[in-house]
Each structure stands twice: as C-alpha cells, then as structure tokens.
Amino acid sequence: MYALELNRLPSSFINLPSAVIETIGQAPKLQIYSPHLRPLRLLQKLHRGRIRKLILRTSSPFQLRIGKRLLVTSDNRNIPAIYRSVPRLKIRAGPAFGTGEHATTHLCLRYLTKFLTSPRSSRTTPKVLDLGCGSGILALACARLGAHAEGWDNDSSAIQEAQRNRQLNRLAPRTHFRVADALRSALPPAHLILANLYDSLLLHLLPRLEKHRKAGTGLILSGILSGQEKQILRTAHKLGWKLQHRGRLGRWFCLQFCA
Ligand SMILES: C[S@@+](CC[C@H](N)C(=O)[O-])C[C@H]1O[C@@H](n2cnc3c(N)ncnc32)[C@H](O)[C@@H]1O
C-alpha cells in the first residue's frame, strides 16, 4: 500500500480511499491510499502546489498481541509457538483506518477483549455494535471472541475493506457491516458499544445511547486526546454512565463505561 500526504482537500475531489489526519497544533492533512504507485504519481503531478509532505511507502507487516487472548496480525508467518493456539485475526494492511497499530485501536482491543472474556459475558452470545468500524478490526475481533458484531462506517471504502477482512477471517456468519452514519441512523440494541471516533463525534453520539444504558451493557469510547477526556467524562456521567476503566497510550485515552 502506498500513501500520499497533502494539504487537506475535500475527499470527493479524488476517487481513492483517503483519511483526514488531525494532530493537535497542526493543520489537518489528507492521506490518500492506493495499492499502486501510478494513480498517486498522477495526483502528485496534478496537485504539486498542495503537497505538504510526500510519503510513498509500503505498509509493513505487524503483529499485535492482546495478552494471551487475541493475536492480530497482517501476516500468518512467524507466529511465536506460544501464540499458535491463541485466537487469531488477520487484518490486511489496507487503506481503511484500523490495523491495530494505532494507540486508539490498541486500547479498544484491550478493553473489548477483557469485556468479552469476562465470566459474565459468557452466559449469552453478546451483541456488539462498532461505530466507525474502519477496517472492521474491532467488530471482527469481537466475532473471533464469540460475539455477534455489527460494524458501521459512513465511508463506503472502509466498509469494502471490512468486508474483505471478514472474508479473510471466515467470519461472515457472525458479522455484518453497513454504510451508515452513527449520528443519524437508528442504532440497534447491543451489549457492547464500541466507538473509536473523535471527541466532538463522541459528544454527539452519547445522548443517542440512552436506550442502550441497561445493566450489563458496556460502552468503550476511544479516539480521545489528552485534555479532551474530562468533557467526555462529564457528559457521560451526566447521562448516567459509570466509568469502569480509563486507559492511556501516549496522548490517547480510551474510556470504558457501564450502565
Ligand atoms: C479512527 S477510525 C476507527 C477505525 C476502527 N474502528 C479502529 O478502531 O481502528 C474512525 C472511523 O470512523 C468513521 N466515521 C467517522 N465519522 C463517522 C460517522 N458519523 N458515522 C460512522 N462512521 C464514521 C471513519 O470513516 C473511520 O473509518
């Protein structure tokens, strides 16, 4: 996979998967992805003036271990012997966000694994709703751990990627992906809700989860930068959610709530 990074443009301007990368104190930038160099070279020529930084790079294989409960990898080779019997998820290092290497995804994987492997959740098959599913990594991890998972994304290229990852892992019977806006469409019931979005979206999403706030329901919010967590905590608390875990990796926070 190759990526071209340039000044922010409306994504409708191009016909390739893209993501806006926001970093505190810096202007947002747009990354455009393609498995082939040619279309990116063409864009590079067309938009020379707008290019902020040019990275044409192949994605490297990764392996992410969530204790002894889950292994997420882009490559089934070189798996250490002690991990061969651990539930495994293969994720293509593709264009959509979510290979597990990002702190926000990593934290979600830790918490969802704990939630789904706790003795309480083994009584019924848990239903999971993954809002902003990107590559499908979180929903697929839940399915690998025995849940039924539905993943939503408002970007159709992310949903295509999630469907590819679902095929790769033969998890079709337990997962469903659809193009939908988490802030507009009616949300189905779930025992666990995952939302790795960003703070303003999370603040708009929280009041929409009123019907989901029932005993035994879990809510995992990620994509929260240090400094933003207090407002999320205040809003969630006002709406009746109780904080269970607060995790941090670098500048990123992940919050787990219960009803
Ligand atoms: C930070 S990525 C998270 C991807 C994956 N869940 C993970 O944890 O790695 C956020 C995803 O949310 C999607 N998204 C942004 N706004 C959304 C909305 N209003 N409704 C649904 N999806 C949205 C983006 O397209 C993107 O794929």
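This is a predicted model: local features need pLDDT of at least 70, side-chain atom pairs count only at pLDDT 80 or more; totals for chains, interfaces and linings use all residues.
Helix α3 buries Ile-137, Leu-138, Ala-139, Leu-140, Ala-141, Cys-142 and Ala-143. Seven of the eight residues of α3, which spans residues 137-144, are buried, so the helix is largely enclosed by the rest of the structure. Gly-146 follows α3. The phi of Gly-146 is positive, near 105°.

A positive phi also occurs at Arg-170, with a value near 50° in a residue other than glycine. Most residues other than glycine have a negative phi. Arg-170 sits in the loop that joins α4 (156-168) to β9 (175-179). Its relative accessibility is 76%, so Arg-170 counts as exposed.

Helix α6 has a buried side and an exposed face. The buried residues in α6 are Glu-229, Ile-232, Leu-233 and Ala-236. These residues lie on the same side of α6, because they cover an arc of only 100° around the axis. The face turned away from that buried side carries Lys-230, Arg-234 and Lys-238, which are exposed.

Lys-230, Arg-234, Lys-238 and Arg-246 form the patch. Helix α6, residues 229-238, supplies the largest share, three residues. Arg-246 belongs to strand β12, residues 242-249. The relative accessibility of Arg-246 is 47%, so this residue counts as partly exposed. The cut-off for exposed is over 50%. Patch residues need over 30% relative accessible area, so Arg-246 at 47% passes that limit.

Charge pairing was examined next. Side chains of opposite charge can pair when their charged atoms come close. The structure contains four salt bridges. Among them is the contact between Arg-77 and Asp-75, with an N to O distance of 2.9 Å. Arg-77 is exposed, at 59% relative accessibility. Asp-75 is buried, with a relative accessible area of 16%. The buried class covers values under 20%, so Asp-75 at 16% falls within it.

A further salt bridge links the side chains of Asp-181 and Arg-184, at 3.4 Å from N to O. Asp-181 is partly exposed, with 25% relative accessibility. Arg-184 is exposed, at 69%. Glu-210 and Arg-213 also meet through their side chains in a salt bridge, with an N to O distance of 2.8 Å. Here both partners are partly exposed: Glu-210 has 40% relative accessibility, and Arg-213 has a relative accessible area of 28%.

His-36 is exposed, with a relative accessible area of 54%. Ala-3 is 33 residues away from His-36 along the chain. The C-alpha atoms of these two residues are separated by 9.6 Å.

Notes. Residues are numbered from 1 along each chain as its sequence is written. Side-chain values use heavy atoms; hydrogens and water are left out. Buried means under 20% relative accessible area, exposed over 50%, partly exposed in between (1.4 Å probe, protein chains only). Patches are made of residues with over 30% relative accessible area and no salt bridge: like charges are joined within 9 Å, nonpolar side chains (Val, Leu, Ile, Met, Phe, Trp, Tyr) within 5 Å. Accessible areas come from the Shrake-Rupley method with a 1.4 Å probe; for residues, only the protein chains shown count as cover. Lys and Arg count as positive and Asp and Glu as negative; His and the chain ends are not counted. The place of a charge is taken as NZ of Lys, CZ of Arg, CG of Asp or CD of Glu. Helices (H or I, at least four residues) and strands (E, at least two) are DSSP runs, numbered from the N terminus. The arc is that of the directions from the helix axis to the C-beta atoms.
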